[in-house]
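Hi,

Here is the structure I promised to pass on. Have a look at it first, and then read my notes below.

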Amino acid sequence: MKRIIKKVAVLGSGVMGSRIACHFAGAGIEVLLMDIAPTALNDAENKKNLSLDHPAVRNRIVNEALAAAIKSNPSPVYTKDTAKKISTGNFLDNMKDIAGCDWIIEVVVERLDVKKSIFAEVEKFRRPGTLITSNTSGIPIHLMTEGRSEDFNKHFCGTHFFNPPRYLRLLEIIPGPTTDPEVIQFLLHFGDLHLGKAAVLCKDTPAFIANRVGVFGIMAICKLMDKMELSIDEVDALTGPIIGRPKSATFRTADVVGIDTLVKVARGVYENCPNDEARDTFLAPSWLEKMVSNNWLGDKTGQGFFKKQKGPTGEKEILVLDLKSLEYKTRSKPRFATVEATKQVDDLKTRLKALAQGQDKAGEFYRQFHYGLFSYISHRIPEISDELYRVDEAMMAGFGWEIGAFESWDALGVESTLKKMKEAGFTVAKWVEEMIAKKITSFYKVENGVRRCYSPSSGSYINITGESEEQAFILMRNFIGKTVWKNSACFAYDLGHDVLGLEWYTKLGTMGGEVVEGIQKSISIAEEKFKGLVIANEGQNFSAGANVGMIFMFAIEQEYDELDMAIRAFQNTTMRARYSAVPVVVAPHGLSLGGSCELSLHADRVIPAAETYIGLVELGVGLIPGGGGTKEFTMRAADEMHEDEPENITLKNRFITIATAKVSTSGYEAFDLGILKKGRDMVSINQARRIGEAKAAVTELYDDGYTMPVQRKDIKVLGRSSLGALYAGINAMWRSNYATDHDVVVAKKLAYVMCGGDLSEPTVVSEQYLLDLEREAFLSLCGEKKTLERIQSVLKGGKPIRN
């Protein structure tokens with residue numbers, strides 16, 4: 001059966017329901033969001049003499065919930081216009097409207113009786129064949145549809161989104177006992193392709209996959225910290241980014257999720273999993289139960305493991321809970337020799353191995369922590385999933401782990417770690433022993449660029465994606481065996497089908513001399529042997545921009561000839577991306593700032609992930625975009641301007657975007673900022689697909705008869721006629737205290753370049769003319785004391801200072 005999802009009904013507008021509605025709308029789907037009608041008037045409604053039957057009253061709950069969601073931070077919407085796709089209603093007046101929906105999602109309170117009553121109403125109006133799912137986080141799927149029709153049961157399953165739905169990519173799909181397999185396959189595909197989710201098939205077991213393993217991990221850490229007498233600050237220092245976990249680590253994560261929620265899920269597993277060998281781990285320690293009884297539930301109540309308060313001088317300070325005294329105290333900054341020794345190790349797998357070999361308290365913690373985790377996940381196969389890669393996918397997409405638990409076990413060495421686990425008294429499931437007996441010593445391997453995973457049920461490796469999907473989900477690192485060229489930072493791979501791929505590994509993805517060399521060399525190789533080039537990587541962020549440390553070093557030493565050569569080299573590189581004999585496609589994600597944004601501006605096509613935060617931020621450190629970004633915005637403004645527009649508003653808008661260092665809040669908003677081009681660039685809502693889509697774009701451009709563009713010599717710049725207006729605006733910002741003296745200096749340099757210099761009349765110039773102006777302005781600003789102070793502040797890990 002072919003299904004098309006045109007409209008979705010979301011039943012329940014709480015924190016999850018309203019944000020799920022926003023995510024569907026962000027994916028371009030019309031949404032009907034509903035909730036209960038109020039049973040009493042509020043003060044504002046009483047003052048207006050409204051009745052309970054008034055439309056504004058009947059939809060008050062849902063409308064206020066949606067408005068609060070849209071205003072929340074982080075934003076649940078990709079652009080401001082997203083909310084226009086959402087209409088609202090209430091269960092009494094609008095339940096009939098679900099007849100026009102293709103998918104109905106229940107997101108009401110986690111009570112079985114409430115859900116069953118909602119489903120009884122849904123069945124009165126739902127069209128046969130319409131998808132009906134629940135966002136339950138733990139209620140057994142098979143209990144919810146008792147008494148419902150055969151068609152209802154056939155099209156019903158669990159679809160568990162993680163909060164916040166826009167940012168956490170996990171979507172757990174949980175079939176019921178009578179769910180049509182076609183429905184499950186459709187939802188797995190739709191969740192991946194249209195919602196950008198890591199859609200993971202789960203079994204109908206307590207807490208499903210991610211919460212079962214994730215909450216075990218948190219509760220196991222609670223027990224381990226008591227055993228090792230560790231503090232909250234010490235545990236969070238050990239369980240954050242250093243091991244590939246989010247900055248919120250363990251206890252900050254618990255505060256965000258809600259400590260009552262954590263305890264509730266843990267208690268649910270304890271009560272409903274009598275055969276879980278680690279069942280007692282889910283029993284909350286006495287201090288955790290005390291926190292719940294004290295209503296210290298985390299962010300929702302203002303205090304949990306951490307508490308914010310004003311210090312003696314009025315500044316905000318964060319206190320941490322002492323679990324022995326249950327009193328809040330000043331935070332500490334723990335230091336462990338093992339951690340300090342591995343901070344400079346960029347590769348996570350190498351770092352994990354070093355951490356687990358530490359001989360101090362941290363090393364012992366890592367061993368005990370990982371041994372317990374590995375034991376637990378081995379016993380969950382096949383209880384919660386037949387395939388172990390789904391466990392890893394769920395933890396990465398739902399809890400923000402950089403690599404999954406089985407992949408971590410691979411990093412430490414499966415066989416050697418198993419031996420140490422046994423010596424320490426930990427057990428593993430029988431299938432792990434059988435795997436080792438077959439001389440299979442890793443859970444994952446890569447063959448011909450395809451990642452494969454061990455399957456306990458078959459006793460052999462299986463492909464993680466089907467053959468038809470192999471080209472859709474491309475991981476650059478899987479092609480390490482097909483390296484065509486490399487230097488100390490970059491790798492160029494043969495991605496197959498005559499497409500070359502380039503990635504680099506530097507701190508924050510910064511672009512220094514090695515990356516510039518890598519881009520130039522890869523384009524040359526592609527011109528000689530391939531159809532085109534994809535530039536992407538799989539770090540946490542694409543790139544934080546040019547290497548400002550190098551700029552600072554040259555400037556502080558007054559090596560202006562070296563600095564001039566470096567800027568010329570970068571300009572030449574971005575122009576090489578534009579003017580090459582083969583198509584160059586860039587696929588950014590996460591932060592894509594400064595120089596990496598300039599690279600995208602010059603690409604033949606850009607395929608950003610939906611979660612791409614891209615912008616020209618050089619003004620923040622007292623510089624202007626010097627790698628062709630200022631030139632490109634000037635050229636685009638010239639192309640977009642029309643003669644009768646008021647006050648050259650197009651140029652002003654482009655100027656303001658750079659002058660205020662605007663960064664898009666999503667890949668979609670980058671179109672509004674003029675960084676991406678409509679009709680040329682395309683957002684990939686699923687980050688895991690963007691490299692595959694970029695590769696397909698290279699092939700499409702080449703096969704359509706790609707020819708190298710010709711450098712532009714027809715760019716109309718406005719000279720003094722616009723320069724005066726921009727200067728006046730800059731001075732107005734300064735008089736209003738929105739700009740510092742140095743901001744004025746930098747902004748005027750930018751205006752000078754974007755107007756083509758101090759020309760007496762509008763003039764047609766070339767790209768090279770603008771690049772020369774851009775470079776001269778950049779170099780002059782590098783000599784400014786205030787610019788160097790700003791760069792130095794950034795290098796020290798702070799925010800750009802305004803002076």
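In helix 32, the buried residues (under 20% relative accessible area; exposed is over 50%, partly exposed in between, with a 1.4 Å probe and protein chains only) are Glu767, Leu770, Leu771, Leu773, Glu774, Arg775, Ala777, Phe778, Leu779, Leu781 and Cys782. An α-helix has 3.6 residues a turn, so residues three or four places apart point the same way. The length of helix 32 works out too: its 16 residues (767-782) should span 22 Å at 1.5 Å a residue, and the end C-alpha atoms are 23 Å apart, which agrees. The expected span there is 1.5 Å times one less than the number of residues.

Before you go further: this is a predicted model, where local features need pLDDT of at least 70 and side-chain atom pairs count only at pLDDT 80 or more, while totals for chains, interfaces and linings use all residues. Residues are numbered from 1 along each chain as its sequence is written, and side-chain values use heavy atoms, with hydrogens and water left out.

Now the whole chain. The protein chain has 33 helices and 24 strands, taken as DSSP runs (H or I, at least four residues, for helices; E, at least two, for strands) and numbered from the N terminus. Its radius of gyration is 28 Å, close to the 28 Å that the globule rule gives for 803 residues, so the chain is as compact as a globular protein of that length. That radius is taken over C-alpha atoms, and the rule is 2.2 Å times the number of residues to the power 0.38. The C-alpha atoms fill a box of roughly 80 × 75 × 65 Å along the principal axes. Of the 803 residues, 54% count as buried. Among contacts (heavy atoms within 4.5 Å) with a separation of 6 or more, 69% are between residues 24 or more positions apart.

On charge, there are 99 positive and 103 negative side chains, and the centres of the two sets lie 2 Å apart. Lys and Arg count as positive and Asp and Glu as negative, with His and the chain ends not counted; each charge is placed at NZ of Lys, CZ of Arg, CG of Asp or CD of Glu.

- Isoleucine 232 is in helix 11 (residues 232-238) and is buried at 2% relative accessible area. Leaving aside neighbours within four places in sequence, isoleucine 232 contacts Met225, Phe251, Phe305, Phe306, Val320, Leu321 and Leu323. Leucine 323 is 91 residues away along the chain, with the C-alpha atoms separated by 8.0 Å.
- Valine 499 sits in strand 17 (residues 499-504) and is buried at 0% relative accessibility. Not counting residues up to four places away, valine 499 touches Tyr493, Asp494, Phe530, Gly532, Val534, Lys695, Val698 and Thr699.

And some backbone details, in loops. Asparagine 163 and proline 164 are joined by a cis peptide bond, omega about 0°; proline 164 is in the loop between strand 6 (156-161) and strand 7 (170-175). The peptide bond from isoleucine 381 to proline 382 is also cis, with omega near 10°, and proline 382 is in the loop between helix 17 (361-379) and helix 18 (388-399).

Histidine 497 has a positive phi, near 55°, though it is not a glycine. Histidine 497 lies in the loop between strand 16 (490-494) and strand 17, and is exposed at 54%.

Cheers
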